[in-house]
Number of protein chains: 2
Amino acid sequence: MEPVNVIGAGMTPFGILDDSIVQLAEKASFKAMSDSQTLDLQFDHIVVGSQNPDEFVNKGHLSTLIADRLGLVPAGATRVETGPSSGSSAFETAFTMIASGHSDLILVIGVEKMSEVDRGTASKILAKMMSYENETRYGATPTALAAMVTRRYMHDYGLTRDDLSLVPVKAHRNGAKNTLAHFQKETTVEKVSNARVVADPLTLFDCCPTSDGAASLVLASDRIVRDLGVSDQAVRVLGVGHGTDYHAVQHRLSMTSFGATIAAADRAFSIAKIGPADIDVCELHDAFSILELVNMEDLGLAERGHAIDMVKEGATEVDGQIPVNTTGGLKSRGHPTGGTGVAQIHDIYCQLLQKAPKGLQVEAPKIGLTQNIGGFGNNMVVGIFSTP
Amino acid sequence: MEPVNVIGAGMTPFGILDDSIVQLAEKASFKAMSDSQTLDLQFDHIVVGSQNPDEFVNKGHLSTLIADRLGLVPAGATRVETGPSSGSSAFETAFTMIASGHSDLILVIGVEKMSEVDRGTASKILAKMMSYENETRYGATPTALAAMVTRRYMHDYGLTRDDLSLVPVKAHRNGAKNTLAHFQKETTVEKVSNARVVADPLTLFDCCPTSDGAASLVLASDRIVRDLGVSDQAVRVLGVGHGTDYHAVQHRLSMTSFGATIAAADRAFSIAKIGPADIDVCELHDAFSILELVNMEDLGLAERGHAIDMVKEGATEVDGQIPVNTTGGLKSRGHPTGGTGVAQIHDIYCQLLQKAPKGLQVEAPKIGLTQNIGGFGNNMVVGIFSTP
């Protein structure tokens, strides 16, 4: 169990972009390599998280393509896929490679280019991550499942439509200050609650966009940190956990709690030897508004049914007790699926080094957490990070 | 660097099969779990190698789907993709997870179901692993590139058409005795040399089939081996290496040598602290006849340009000095792309435990090697294994 450090991070803007998937990966990676002073080093491996480049951009075998373009041949190159948590799973794979002692320097890339296909095609590609037998053949979509979760949560805990709107309002308030975010514009409870209904009770403003974008990290062993003299920017990976749940929502014990998050968090906290109370800042997977609340509760950051109280009290704001999605979350920063998990870690890395965008810096955070959802709530990765 | 062991292996027959991709994964996995006495244990993770289930069988997010079906929830679940070396890369990821000390028990699955689409569609899906800019847009296919490599090798080293035919003849001679092989029928030099030309000078018998099939391994830490009392079937992983080369063939230094294999082998041998002369049996990626010769030379098992002499002398036969592809190779055992790398390790595992099919057992091998190609010769994984 060699210690693992994040010594550099980079990301492209998220949005509807002209760059190709390889160009996005290249831009984010060169930022991370430049940031970590590793531009002239030979990497042991590159690990690429991407959900479906074969269908989104008609490119197969993406890891070698990117290794070639980045000039990293003959480093090993691997693509990792776990649906929308592909980026975090790529990070996890890279983490274990360094933790094993067999590698010292690894480049992690999370990338997706979703805008080359039309929205209908994108929806069909994304729906493949759900259960065909139990869900998609009846016409269910990720949004429809999220709507069911929301309705059940409202029934169980008395959440109101206007309460729920506070979540995307916060996301947009933060994202408006993040120059890399897909949407850099504030919104209001009234606008969210009265927007076009996508799947009742969810409106357009409860749903993250499909985006293009890439994020990248340089992971290094203690030896590399020492050799490069970058200990002041070596964010330590305290723990990583990965968990699954039954593929179809109907087979799960609860609709308002994700067992996969609980399993992943248990494991990550156990490796890190800390608990939820130690977290100073976190990035959670808010592809739909309700998920931010469910995730807070599954991670032990809020009491069951009471996450919304913390949102109302301002506890999840940048200057609150436990800031959540300080850079806009998936809702405002955007959601290029394979890119999201790595972007979350990028943003936590910046927070811990006090390099967050202006107006978004949490006061001297020591420990940060990321949580990324794959499938519809059935493949979760949790990461825990600390200051150098 | 915790030691890593393979304590069980299973595979389905390879061929054109009725089973779905999930059923294939399930059958291979239950064999591996049964073989390793781990049916009642909780796995830490499952790692699935599969090239393109989204397009071959219209299934996304395969790792969770399989974790659910196998009853392994809430284990972490990850899919790994590196083209046709996806299975070996999945094995590599699982290897590092145990080597890191963070995991004790991992299930590896390599699977592909290629026969649900027609051959033209399958070819288009597979061609995505090549360079669009430099290769596919001019109509190049993997077979066309292999034909160019063959022609160049013939020019450089004087290989004849009939000499080359000895390679698939040996593959079929071995495969005829392997009840899991796609083709269980011998062939002759005359038949191979005079078969229909696919890409001059390659004939139909120089090209592996597209197959359906799955293979599975159980990887365990020393602690699990001790607890289960399975040390007599714990094949040790001595080393794993992974290397890349430039994406397009035209950018590489040589057409008759794959730098990615050399990089992967250097690394694997260095970790294992042994050399090519120590290998007693190996499984090499012979998707096209010429590749078996090139691979032998890149791995240091034959002198440059002289692999064919060893084939002629019988050195690569089951009872030869360095048996190659004793169970039929990709040519005869078949090539469900994501399944192949894991099947190679399955067969080496069986060889080392002296459980090879009748007539295919090498005499008391101590060390075995696998080499698996991703992309067209640009993403290689090499594994080295020893008897318990």
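Me: Let's start with a pairing: in strand 10 of chain B, what is the bridge partner of B:V281?
Reply: First, a heads-up: this is a predicted model, where local features need pLDDT of at least 70, side-chain atom pairs count only at pLDDT 80 or more, and totals for chains, interfaces and linings use all residues. Residues are numbered from 1 along each chain as its sequence is written, while chains are lettered from A and ligands numbered from 1 in the order in which they are written. Strand 9 (residues 281-283) and strand 10 of chain B pair in the parallel sense over three bridges (strands pair if DSSP finds at least two bridges between them). In strand 10 of chain B, B:V281 has as its bridge partner B:G368.

Me: Strand 10 of chain B also joins strand 11 of chain B, so how many bridges are there?
Reply: These elements are DSSP runs numbered from the N terminus: helices are H or I with at least four residues, strands are E with at least two. Strand 10 and strand 11 (residues 379-386) of chain B run antiparallel, and B:L369 stands opposite B:I384 in strand 11 of chain B. The number of bridges joining the two strands is eight.

Me: In that hairpin, which residue takes a positive phi?
Reply: The hairpin of strand 10 and strand 11 of chain B has four residues between the strands. One residue has a phi near 60 degrees there, and that is B:G375.

Me: How many of the eight residues in strand 10 of chain B are buried?
Reply: A residue is buried if 20 or more other C-beta atoms, placed from the backbone, lie within 10 Å of its own, exposed if 12 or fewer, and partly exposed in between. By that count strand 10 of chain B is mostly covered, and its number of buried residues is seven.

Me: A cis peptide bond joins A:V73 to which residue?
Reply: Omega for this bond is about 10 degrees.

Me: What do the end C-alpha atoms of helix 10 of chain A tell us, and how far apart are they?
Reply: The expected span of a helix is 1.5 Å times one less than its number of residues. Helix 10 (residues 259-272) of chain A has 14 residues, so it should span 20 Å. The model agrees, with the end C-alpha atoms apart by 20 Å.

Me: How many residues of helix 10 of chain A are buried?
Reply: Among the buried ones are A:I262, A:R267 and A:F269. The buried residues pack against strand 8 (235-244), helix 11, strand 10 (367-374) and strand 11 (379-386) of chain A. Out of 14 residues in helix 10 of chain A, the buried number is 11.

Me: Which strand of chain B gives the most to the side that touches chain A?
Reply: Two residues are in contact if their C-beta atoms, placed from the backbone, lie within 7 Å, and the contact takes 49 residues from each of chain B and chain A. On chain B's side, the top contributor gives six residues. It also runs antiparallel to strand 3 of chain A, joined by three bridges, and it is chain B's strand 3.

Me: How many charged residues are on that side of chain B?
Reply: Asp, Glu, Lys and Arg count as charged; Ala, Val, Leu, Ile, Met, Phe, Trp, Tyr, Cys and Pro as nonpolar; and the others, Gly among them, as polar. The side of chain B that touches chain A has 15 nonpolar and 26 polar residues, and its charged residues number eight.
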